[in-house]
Amino acid sequence: MILEEMMVEMGGVRSQDAGGFEYWEVDDVQKYLEGVLMERKWVFCGRRGKYNELKPQKSQDDLKESGNREAIYFTNNPVVAEFCALAGGGKTVGARQNSIYMSYDTDTRVVDYSEVKLAVEFPENVATEGFVYISPAEGMEAINGEYLAYQPRKPDLVVKIRRQDLKYPIEKVEK
């Protein structure tokens, strides 16, 4: 099943803004991304901005092995992608923290999350909307639960997420 067929099955609508940027809207973003996860072919990149092509850039996370590489950072975790889409760009939200334990079973198509913690230094600056970019996992380097692409990529599909779509609270970073 391809991404657009899955989107249509969930009642998704293709939209285009005045600048020509194309994206999809669906009532339950997390459920759609979980369906994509079950296919095990695609990964997600959450961004606040609108991009027709994602380009490698340095991450702001020097604490992890892959954090300072010039790459496009993807994840297979729908909630992490949604969080990054709304709280991306450390300059506006300050420090970010996320901790999520995710398990899934492709046979039963069930995804479980536990101990979900999403936090930013300045929660008042979390965006009201953002976008999750879906791209094939093929050709990426998998490292510490992330997927890194070192060349520009055009996403296969873009999904708009609104702040109210995220099913978990974004708290203030505890110092």
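Guide: Welcome! The model is predicted, so local features need pLDDT of at least 70 and side-chain atom pairs count only at pLDDT 80 or more, while totals for chains, interfaces and linings use all residues. Residues are numbered from 1 along each chain as its sequence is written, and side-chain values use heavy atoms, with hydrogens and water left out.

Visitor: How many helices and strands are there, and what makes a run count as one?

Guide: The protein has four helices and twelve strands.

Visitor: What does the radius of gyration say about the protein?

Guide: For 175 residues, a compact globule would have a radius of gyration near 16 Å, and the protein has 15 Å, which agrees. The radius is taken over C-alpha atoms, and the globule rule is 2.2 Å times the number of residues to the power 0.38. Along its principal axes, the C-alpha trace spans about 45 × 40 × 30 Å.

Visitor: Why is the pair of Tyr23 and Phe131 called edge-to-face?

Guide: Rings of Phe, Tyr and Trp (its six-membered ring) pair if their centres lie within 6.5 Å; planes under 30 degrees apart are stacked, over 60 edge-to-face, and the rest tilted. Tyr23 and Phe131 are 5.5 Å apart, centre to centre, with 65° between the planes, so the pair is edge-to-face. Tyr23 lies in strand β2 and Phe131 in strand β8, so the pair ties together parts that are 108 residues apart in sequence. Ring pairs also link Phe21, Tyr23 and Phe131 into a cluster, and the structure holds five aromatic pairs.

Visitor: How do you know whether Tyr23 and Phe131 are buried or exposed?

Guide: Buried means under 20% relative accessible area, exposed over 50%, and partly exposed in between (1.4 Å probe, protein chains only). Tyr23 has 10%, so Tyr23 is buried. Phe131, at 2%, is buried as well.

Visitor: And what makes Tyr113 and Tyr168 a pair?

Guide: Their ring centres are 6.2 Å apart, within the limit, and their planes stand at 70°, so this pair is edge-to-face. Tyr113 is in strand β7, and Tyr168 is in the loop between β11 and β12. Tyr113 is buried at 15%, whereas Tyr168, at 21%, counts as partly exposed.

Visitor: Why is Arg47 said to lie over the face of Tyr51?

Guide: A charge sits over a ring if NZ of Lys or CZ of Arg is within 6 Å of the ring centre and within 35 degrees of the ring normal. Arg47 lies over the face of Tyr51, at 5.5 Å from the ring centre.

Visitor: How do you know that β8 and β11 pair?

Guide: Two strands pair if DSSP finds at least two bridges between them. β8 and β11 share six bridges in the antiparallel sense, so they pair. Glu129 stands opposite Arg162 in β11, and five of the six residues of β11 are buried.

Visitor: What makes α3 mostly covered?

Guide: Ten of its ten residues are buried, among them Phe83 and Leu86.

Visitor: Which residues does Asn76 touch?

Guide: Contact means heavy atoms within 4.5 Å. Leaving aside neighbours within four places in sequence, Asn76 is in contact with Leu37, Val43, Phe44, Met102, Tyr104 and Tyr147. Asn76 lies in the loop between β5 and α3, and its 17% relative accessible area makes it buried.

Terms used
Helices (H or I, at least four residues) and strands (E, at least two) are DSSP runs, numbered from the N terminus.
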